[in-house]
Amino acid sequence: MVRLTLLLFICALAKAKASNWDVELHKGVEMDVQEYERMVKLRHLSEEFFSFYRNITLSDLVPDSRLPTAQDLKCYAEFAQLTAGLLSGSLWAYRMIDSWGSVPAGILVGHFRDLGHYDECVNIQQATTASNNLMGQYCLANLPLQQLLGNMGPVGMLNVQTAVCFPASCSATHMDTLLQRLFKQLIGVELDADVSLVKASTCKTAERESYDGLTIFTIILLSVFGAVVVLSTLYDYVLCEDQKKLPAIIRVFSARFNSRGLFRISNNSNPNVVHCLHGMRGMSLIWVCIGHDYLIASTTPVINLLDVYTWAKSPFMYVIYEGVFAVDTFFFISGMLVSMVALRSMEKTKGRLNIPLMYLHRYLRLTPIVAVAILVYLKVLPLMADGPLYGTWNFDNYKSCNTDWFWTLLYIQNYAADRICLAQTWYLAIDMQLYIIAPLLLIIVYKWGKKGAAVVLLLTLLLAAYLFSILVINDYSLLSGGDIGLSQKTHNRASGWLVGFLFGYYLHTIRGKSIKLSRATVWLGWITSLALLTTCIFAMYPYGFGKSKTLSILSEAFYVSLSRIAWPLGLSWVVFACMQGYGGLANSLLSAPLWQPLSKLSFCVYMWHLFIQNLNAGRTRVNTYFSDYDVMLRFWQDFGFSVLMAYIMYILIEAPCGGLESLILPNRRAPPTPKLPLAETDPNANQSANDAENQTSAPEPIQTKQREDSPSAPPLESKTELEANDGKDIDATSS
């Protein structure tokens, strides 16, 4: 998603550069004297506008081809009151002029947007008569400078956007008509008839829609969960002195109990505990979040837009642009855990799987957060703030959720919906669909061993070959945005998951064993791994934006199809080396205990970080400056609040729903050890036992008795759950 949107935006700049204007964008926009003088006439647009329409007439508002309507008459009346207010020196009338934007200063270096003063405009409310209240209406207007400068202007495709403020009774069409007539009089230019300067979708007033039924339901739902959590937590703190006697239903909802499980740090030194997965999850999550922040920063109103083009040619841009590999890391972890955990469970049940129960567990594990997210993004986000860009931002238009929400809850939105309801859930759809086919692959490798693994490997290569063929046959190119229709399809993104599945099978076959490698072999493994990972990120740099080299579609198809295998292969060595004691500094970083809480929260952070980013971006009132340092500042504030909101939603929704699921449905593993009460009173006690027993980051559920010979649903973990499954699902117990 980040890659595609950044690609389209930067390609627009590149296309402008490639035109016949004889101008280098990174050096600034060039104008001759005549062009600049015309532009200066537009700089004080509000003063020129109200001076020209000092004595406005009805014919100014209404085109000659139609009769005036009731709205035309009301708009005319309020404009007359506005001009009268200006003549009499009324403060409210001057505020309407003062809130306008202008042709911004610095246009020669890429300052193309001026947002005016949004709050000053929409806060205008003047009682003109006993029955009428004149309100200010804020809109954004696009000024096509190429036409306004006499078809000689160099900025062409990059229209200047400014703010206008006028009475709320007037429509965007009225304002279009007035502006076009002003431009004809002021600079002698008549714009094309099909040019729309003011779009109604950008217009806003202080009026807000009343809450509908679904909004009220969402607020009540969150309030009920919040009340139950508060009451359970109070009971836990105040009324229950003996934690051993804490009722199961209170444990499910207690914020104290759930927080203890969330922030418990595992120090299990078992060689089969994959602690490095915590760091992989956390770092990949940060990569995704910072990529979205770069996307927002590069497309918000900035005073140095042309610097974005310069940045797009830097090597660091490819670290952001190739953030898609962070998602492939999640696929790799998911496939690996599915294979390791399920095969271990199948050994205990002699190859039997309770597939319906397995699917039900997964669906109930993910869906509560997804369902609540749909409601909150659709109904609560519009109520959280306001601003000139609010509701029209990159990801914050969720109107498609009104009609396509059920595809998201069925996890088939990447195939069934024209526009995905929540942008980030395309990943959940792919992961769920791969999970559905997981039992078939598990049975194959369990029964046939290495031959079954060869079948999975063949499937991986066939899917890579299919992707390669599609790119070549249809002439799709990453550099021109041709990958848009392919990036969210399961059959085109399964490679990382399948490689992880095969690697998990390999780890299962060597469980409990210590692999001795020579120093040369270890160095070769690390060099190869780092070469694969680095090549995946920077291979396209010589052929990127502003570069003279071109890449054939055949070469690009090789890169796309093979990089999705090369990336998880590089990660496989990292995990193997960390597990076998060859990780060194990498293992120290990835296995650091502080990653564990973020790892457990990362599903919620992934689901809710766009809420925070949309909220903060939509509240933008003024232009910002684009630089790597400024994006870092934006990232840390967004990420901090994203983690805070994820914690709230974890305590409010994810942990309670996970606990209720464990109470209601049959257990997927053997009953826990009787050391649970001790661990609750002393979180540091019996840590290894707890790590081996706990499946999820939710509190240890009250287990249901189950016969040992009955088939269970193995805890096939998804990377979307991003939980600390390392010491919990993959312990050192060997048969």
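A: Buried means under 20% relative accessible area, exposed over 50% and partly exposed in between, with a 1.4 Å probe and protein chains only. This is a predicted model: local features need pLDDT of at least 70, side-chain atom pairs count only at pLDDT 80 or more, and totals for chains, interfaces and linings use all residues. Residues are numbered from 1 along each chain as its sequence is written, and side-chain values use heavy atoms, with hydrogens and water left out.

Q: Is tyrosine 411 buried or exposed?

A: Tyrosine 411 counts as buried, at 1% relative accessibility. Its phi is positive, about 60 degrees, although the residue is not a glycine.

Q: And where is tyrosine 411 found?

A: Tyrosine 411 is in the loop between α18 (401-410) and α19 (413-416). Helices here are DSSP runs (H or I, at least four residues), numbered from the N terminus.

Q: What about aspartate 475, buried or exposed?

A: Aspartate 475 is exposed, with a relative accessible area of 53%. The loop between α21 (450-473) and α22 (490-493) holds aspartate 475, which has a positive phi of about 55 degrees without being a glycine.

Q: New topic: at which residue does helix α27 bend?

A: Helix α27 (residues 595-618) bends at leucine 601, by about 55 degrees. That bend is the angle between axes fitted to the seven residues ending there and the seven starting there.

Q: Why is α27 largely enclosed by the rest of the structure?

A: Of the 24 residues of α27, 23 are buried, so the helix is largely enclosed.

Terms used. Helix = DSSP H or I, 4+ residues; strand = E, 2+ residues; numbered from the N terminus.
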